[in-house]
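Hi,

Here is the structure I promised to pass on.

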Amino acid sequence: MDWRSPSFTTRLSPVERWRHVTPLERRLRAVLGADFATAYLFMLPTFVIMGGLIAYPFARATYISFTHTVSQEIGPFVGLANYRALWADRFFRESLAVTAHYTVWSVAVSLTASLLAALLIHRMGTRGGLVAALVLLPWVMPEIVRAITWRALLDPLYGGVNRVLIGAGLIERGFPFFGSLATALPSVILVNVWQRIPFATVTLLAGLKGIDGELYEAASIDGAGAWRRFLHITLPGLRHAAMVAFLLCAIWSFNEFSLIFLLTGGGPMNVTKVYSVLAYQLARRQMGKGVAVALSGAPVFVALIATLGRTIVNREASQTSAAATGAGPLSRLTRPARLLVARVMRLLWAAHDLTETAITSAWDPVARRLGAGTRRGRGVRRAAPALLTLAVLAFELAPFYWVLVTAFKSELQITLFESVLWPRPWTTI
């Protein structure tokens, strides 16, 4: 009787069945999964659609990047000439530096602010539903509307921010936030942070909802303070949600085009010209070089998307799958990197324990001075989260408020700077 027949294999244990698998099939299962022979039939329509909509355009763009194409007609093949010319181009190297700067700061500030907002909303319990809905508003705004709103808000003549700063006596005349070499990139980063906070906040909030509350109770009984509970329960419990938020925000920020193009067009003096804007501008004159610029970010996207997919689909392997993959070539190749990461993490946790002890020792006198445990201390503990929540809402809703009040101002009120923050009178003309 053939050992592959169902009547034979059902009598065998999983280990015995694994021994009868051929080496080729074992390698295919290690790479494609245990049920790849059946699954590919169901995945075939997806492969066809993805091949037509994604793979073919990507392959065609890749080929164009190796040609001397200056119009819609594909030119002669020139090999790596376009890429060699790019790396010798100072403007391309500067655009990569601007892209890295833009991405790192956008992701760091977005995740920090989103974690704070998620913690504040989570503290509110069922009352945080309205706050979460308000924080989500910038996410549903079309990108063209976001750009127009922030250009109007930061306009040096009629913008609300300049009007408020002038009224407060902080500046004497309107400042061109998007037109200054010093503030153009930070201003664009600010707008990107504003539009990324809603998604990251909701993602982290979902992660907080999934943490077992009994862990906090057990830690409190053991004498752990709020800071230790945050470090040892909240952050580890958020690792998957935080990884998804981090990777998606990094991908979106690294690939940002329309927002920057609408706000500054890459100027002034190329200080906001990320590589996607440079690719668009080059493609209008030299299609081959423009596509080469665009594909220069492909390795970064492949790494981020692969990490994202692994994070989302992360699950514990079964014993049979572990036996199949544990000694595979991929595992052997990644073992040195995994050992390095493990050792680095041990060093970080050792440094973290020292830092945590120092912070706790320094905080105790401050807490006693603030009157922790007294009526005053309890009042401060209740007021601080409320004020922080109002600050987050003010930042996220200020552009909506500016659009609303401006829509009901007359042209005369706008040009004369009358009633900057409140229409007097309200008009629809």
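Below is what I found in it.

First, the ground rules: this is a predicted model, with local features needing pLDDT of at least 70 and side-chain atom pairs pLDDT 80 or more, while totals for chains, interfaces and linings use all residues. Numbering runs from 1 along each chain as its sequence is written, and side-chain values use heavy atoms, with hydrogens and water left out.

The chain has 22 helices and zero strands (DSSP runs numbered from the N terminus: H or I, at least four residues, for helices; E, at least two, for strands). Of its 429 residues, 31% are buried (under 20% relative accessible area; exposed is over 50%, partly exposed in between; 1.4 Å probe, protein chains only).

Now to Ser65, which sits in helix α4 (residues 36-65). Its relative accessible area is 0%, so Ser65 counts as buried. Its side chain makes a 2.8 Å polar contact with that of Tyr83 (a pair of N or O atoms within 3.5 Å; within protein, one must be able to donate a hydrogen and the other to accept it, and residues adjacent in sequence count only if both atoms are side-chain atoms). Leaving aside residues up to four places away in sequence, Ser65 also touches others, including Gly79, Gly288 and Leu295 (contact means heavy atoms within 4.5 Å).

One more residue for you: Phe261, in helix α15. Phe261 is partly exposed, because its relative accessibility is 31%.

Cheers
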